[in-house]
Amino acid sequence: MHIALLSRNRNLYSTRRLIEAAEQRGHTVRVIDTLRCYMNIASHHPTIHYRGEQLEPFDAVIPRIGASVTFYGTAVLRQFEMMGTYVLNDSVGITRSRDKLRSLQLLSRKGLGLPITGFAHSPDDIPDLIKMVKGAPLVIKLLEGTQGIGVVLAETQQAAESVIQAFMGLNANIMVQEYIKEARGADLRCFVVGDKVVAAMKRQAAEGEFRSNLHRGGSASSIRITPEERSTAIRAAKAMGLQVAGVDLLRSNHGPVIMEVNSSPGLQGIETSTGKDVAGIIIEHIARNAAPVTKAPPRPKG
């Protein structure tokens with residue numbers, strides 16, 4: 001098969017691993033900088049151009065679209081969809097997952113476990129908003145934040161009111177969530193491919209930190225998840241419409257609760273901590289589900 005890998009940096013671990021896994025299985029991969037694509041949007045013959053030339057046909061597209069380029073990246077992905085190309089995660093699923101509030105509303109509609117979450121616009125509603133999520137301590141999140149940036153733990157009522165007022169004063173969109181104390185600074189990353197959890201790791205926050213993100217100094221280790229956690233992760237990915245997803249769960253006193261569904265989960269932490277060839281599993285999933293329509297060309301330089 002001939003695969004397009006939408007990535008702005010071919011040297012990133014996840015990008016390198018997907019290239020290696022595909023080539024080991026006899027496929028060719030072309031890495032394409034999403035922001036260098038430009039499109040001819042015509043109903044009779046939609047095309048994508050790249051660096052001065054029309055892109056050749058591909059059997060499949062793997063989107064590795066960063067949060068900062070979601071709007072343009074999903075526009076490029078929609079163009080591939082218009083051309084009938086198989087995409088690993090489609091534009092709708094990615095857009096859903098990147099909108100934190102919308103994604104939680106979709107998960108809630110499916111009856112999946114979530115932390116109590118509040119959302120408000122007026123500063124006048126702050127006291128009741130805090131009460132709604134069981135009071136302090138509570139977590140305040142910027143809707144546009146990634147990798148733990150824009151996430152604040154407010155340990156007292158006064159601190160919570162001050163932080164929420166400050167964010168609202170900046171016209172920032174935030175949501176407020178109950179703090180799951182019993183999780184003890186740890187969460188689970190369940191890596192879903194198709195209808196299976198193919199790997200899972202526990203991420204533990206660094207000393208004095210409540211955010212477990214590896215970018216914030218957290219540590220990762222392989223973990224055996226429960227059938228309920230496995231089912232929750234798979235249902236969450238399906239609710240978003242994603243074939244590949246990193247579903248982040250917390251272990252609460254009332255069962256697993258979903259923190260986030262990531263449509264472009266990194267491979268380094270999960271492969272390093274579990275020893276599993278997750279990149280290979282993704283490529284094999286593509287090979288099973290994408291019907292080859294091209295003859296793979298010689299390996300391109302770009």
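My notes below go through the ground rules, the domains, the sheets, the cores and the annotated sites.

**Ground rules**

I am working with a predicted model, in which local features need pLDDT of at least 70 and side-chain atom pairs count only at pLDDT 80 or more, while totals for chains, interfaces and linings use all residues. Residues are numbered from 1 along each chain as its sequence is written, and side-chain values use heavy atoms, with hydrogens and water left out.

**Domains**

I looked up the domain assignment, whose bounds come from an automatic or database source, and it gives domain 1 (2–89), domain 2 (96–112 + 182–286) and domain 3 (117–179). I also noted that the centres of domain 2 and domain 3, taken over C-alpha atoms, are separated by 23 Å.

I then found an open sheet of three strands with the order 3-4-5 and antiparallel pairing. Its edge strands are strand 3 (37–40) and strand 5 (53–54), each of which pairs on one side only. Strand 3 is joined to strand 4 (residues 47–50) by four bridges, and Met39 has Ile48 in strand 4 as its bridge partner. Helix 2 (residues 70–82) packs on this sheet and touches strand 3 and strand 4 (contact means heavy atoms within 4.5 Å). The direction of helix 2 makes about 50° with that of strand 3, where axes are lines fitted to C-alpha atoms, for helices over the stretch in contact, and angles run from 0 to 180 degrees between N-to-C directions.

**The sheet around strand 11**

Next I looked at an open sheet of four strands, which has the order 8-11-9-10 and antiparallel pairing. Strand 8 and strand 10 (151–154) stand at the edges with a single partner strand each, so one side of each has no neighbour in the sheet. Helix 6 (residues 157–169) packs on the sheet, touching strand 9, strand 10 and strand 11, and its direction makes about 10° with that of strand 9.

I followed strand 11 on both of its sides. Strand 8 (residues 117–118) pairs with strand 11 over two bridges, and Thr117 stands opposite Gln177. Strand 9 (residues 138–142) pairs with strand 11 over five bridges, and Leu142 stands opposite Ile174.

Why did I note strand 11 as largely enclosed by the rest of the structure? Five of the five residues of strand 11 (residues 174–178) are buried, so the strand is largely enclosed; here buried means under 20% relative accessible area, exposed over 50%, and partly exposed in between (1.4 Å probe, protein chains only). Ile174, Val176 and Glu178 point one way from strand 11, whereas Met175 and Gln177 point the other way.

**Cores**

I then turned to the nonpolar cores, each a set of buried Ala, Val, Leu, Ile, Met, Phe, Trp, Tyr and Cys residues joined through side-chain atoms within 4.5 Å. The largest has 27 residues, and those with the most contacts inside it are Leu18, Ile62, Phe191, Val278, Ile282 and Ile286. Among the elements that give two or more residues to this core are helix 1 (13–24), strand 12 (186–193) and helix 9 (278–289). Helix 9 supplies the largest share of this core, five residues. At least three residues of this core come from each of domain 1 and domain 2.

Leaving out residues up to four places away in sequence, Val278 touches Phe191, Val198, Ala199, Leu267, Ile270 and Glu271. A second, separate core of 26 residues includes Met175, Cys190, Val192 and Val197.

**Annotated sites**

Finally I checked the UniProt record, whose positions are given in the numbering used here, with feature names shortened and annotations that may be inferred rather than shown by experiment. Its unreviewed entry lists Glu260 and Asn262 under "binding site", and the same annotation name also covers Asp248 and Glu260.

Which of these is buried and which partly exposed?

- Asp248 lies in strand 15 (residues 244–252) and counts as buried at 5% relative accessibility.
- Glu260 lies in strand 16 (residues 255–262) and is partly exposed, with a relative accessible area of 32%.
- Asn262 is also found in strand 16 and counts as partly exposed at 22% relative accessibility.

Notes
Pairing = 2+ DSSP bridges.
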